[in-house]
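Hi everyone, thanks for coming. I'd like to take a few minutes to walk you through a structure, starting with the whole chain and then going into some details.

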Amino acid sequence: MESSRKWPFCEQGTEFMKKTRDAVVIIAEAQGDETAPITLELLALAREIQLAQPCKIRFLMVGHGTEATARDLARRTGREVVAVEAETLRDYNTETCLEILQEHLPGLSPRFVLMGQTPRGMDLAPRLAVRLGAGCITGVDALCVEEGELRFSRTAFGGKISLQMAPARSITVVTATPGAFTAPQESVSSQGTVRLVSSARRSARSRTLGIIEAPRQERGLSEADVIVAAGRGIGTRENLALIERLASVFPRSAVAASRPLCDQGWMDYPRQVGLTGATVSPKLYFACGISGAVQHAVGMQGSGFIVAVSRDPHAAIFRIADVCVVDDLEAFIPAFLALCREE
Ligand SMILES: Cc1cc2nc3c(=O)[nH]c(=O)nc-3n(C[C@H](O)[C@H](O)[C@H](O)COP(=O)(O)OP(=O)(O)OC[C@H]3O[C@@H](n4cnc5c(N)ncnc54)[C@H](O)[C@@H]3O)c2cc1C
């Protein structure tokens, strides 16, 4: 049932809430001049929604230098892309982006607004939901339909439990985990169209002074055939030596880590694997003391072969591992190294 609660920033007012909404609007992201993979993965999710609840699928792109990406997206999907070109977004600004989305979304009649669970999607989605008076479901990795009702799935508690969430408001902002939905591969017959709109909107709430790019992903990780990754399960900083000794057994190997280790300063951020770190696909990924939270898994699930060592037999990493070792890593790694020496 629609809540009568008045949302503090719902500037569109009740007319917007009453309007008929018949579309899934995908907020497109760019990677250079091309469509970011997550945008096409969102198209797969939109189609699943469309199968259950007939609706239109629309793309909305907001930023600076959007035209080339919008044309790429239209060509790849054969659909219409609305691209809002804003000189004011030469440097990304959350508030300006939100105000532009808020201005253009109502005209596209969204029932669902889809974004990636990416740094940008995570920044915008909850704020946008509040402004639209919408519901917000984040980190979705699957969709199912029960008794005609859509149920979005996401994991919680480091991947140990799966939640199913049903949209309860007439408009819902949804973010999808990168890699969870498979981008459609088929060729399209139409070229699609691009509707370019320009915007001079600049938020008075904040100003971007400049953007400093993070150091590039360490060459070692992207080039390694074998990655040995340490997680919180290593317990102490001293145990990193065990991980390094394990890595040294393999030629062309590198050491990586889950986010908590980088947050603790035990390893540099360029070695972090996952949603907010590097995406890697070595021939062998050796996960030591890593639970396999979805934010870590999205960065390494494309690896050729996965070996995971964890004390917890129910660790989520075992769902994607080829070899599951339920053991204390302080016992397993020295035993494994001893075997290697014998060999
Ligand atoms: C927005 C957002 C972005 C994020 N981005 C990332 C990201 O990019 N990368 C990332 O990694 N995480 C990321 N996270 C964090 C993520 O949700 C998890 O909290 C994190 O991955 C958990 O790290 P872990 O597996 O090392 O630790 P834990 O979840 O604590 O797992 C430790 C594992 O080690 C096992 N263990 C403990 N002791 C031993 C032992 N002696 N021997 C063997 N096993 C043992 C435990 O049973 C457990 O399975 C992000 C989170 C958020 C909210």
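Predicted model: local features only at pLDDT ≥ 70, side-chain atom pairs only at ≥ 80, totals over all residues.

Residues are numbered from 1 along each chain as its sequence is written, and side-chain values use heavy atoms, with hydrogens and water left out.

The protein has 10 helices and 17 strands; these are DSSP runs numbered from the N terminus, with helices being H or I of at least four residues and strands E of at least two. Its radius of gyration is 22 Å, close to the 20 Å that the globule rule gives for 343 residues, so the protein is as compact as a globular protein of that length. That radius is taken over C-alpha atoms, and the rule is 2.2 Å times the number of residues to the power 0.38. Along the principal axes, the C-alpha atoms fill a box of roughly 75 × 45 × 45 Å.

Of the 343 residues, 48% are buried. Here buried means under 20% relative accessible area, exposed means over 50%, and partly exposed is in between, with a 1.4 Å probe and protein chains only.

Now the domains. There are two entries, domain 1 (13-199) and domain 2 (219-342), with bounds from an automatic or database domain assignment. Their C-alpha centres lie 33 Å apart. How many residues of domain 1 are in contact with domain 2? The count is 9 residues of domain 1, touching 11 residues of domain 2, where contact means heavy atoms within 4.5 Å.

Next, please find helix α4, residues 94-104. This helix is largely enclosed by the rest of the structure, because 10 of its 11 residues are buried. Among them are C97, L98, I100 and L101. And what do the buried residues of α4 pack against? Their partners are the strands β1 (23-27), β4 (56-63), β5 (80-86), β6 (110-116) and β12 (193-199), along with helix α5 (119-132).

Finally, have a look at R75, which sits in helix α3 (residues 67-77). R75 is partly exposed, with a relative accessible area of 42%. Leaving aside residues up to four places away in sequence, R75 touches V188, S190 and Q191. R75 and S190 are 115 residues apart in sequence, yet 7.5 Å apart in space, C-alpha to C-alpha.

Thanks, everyone, and I'm happy to chat.
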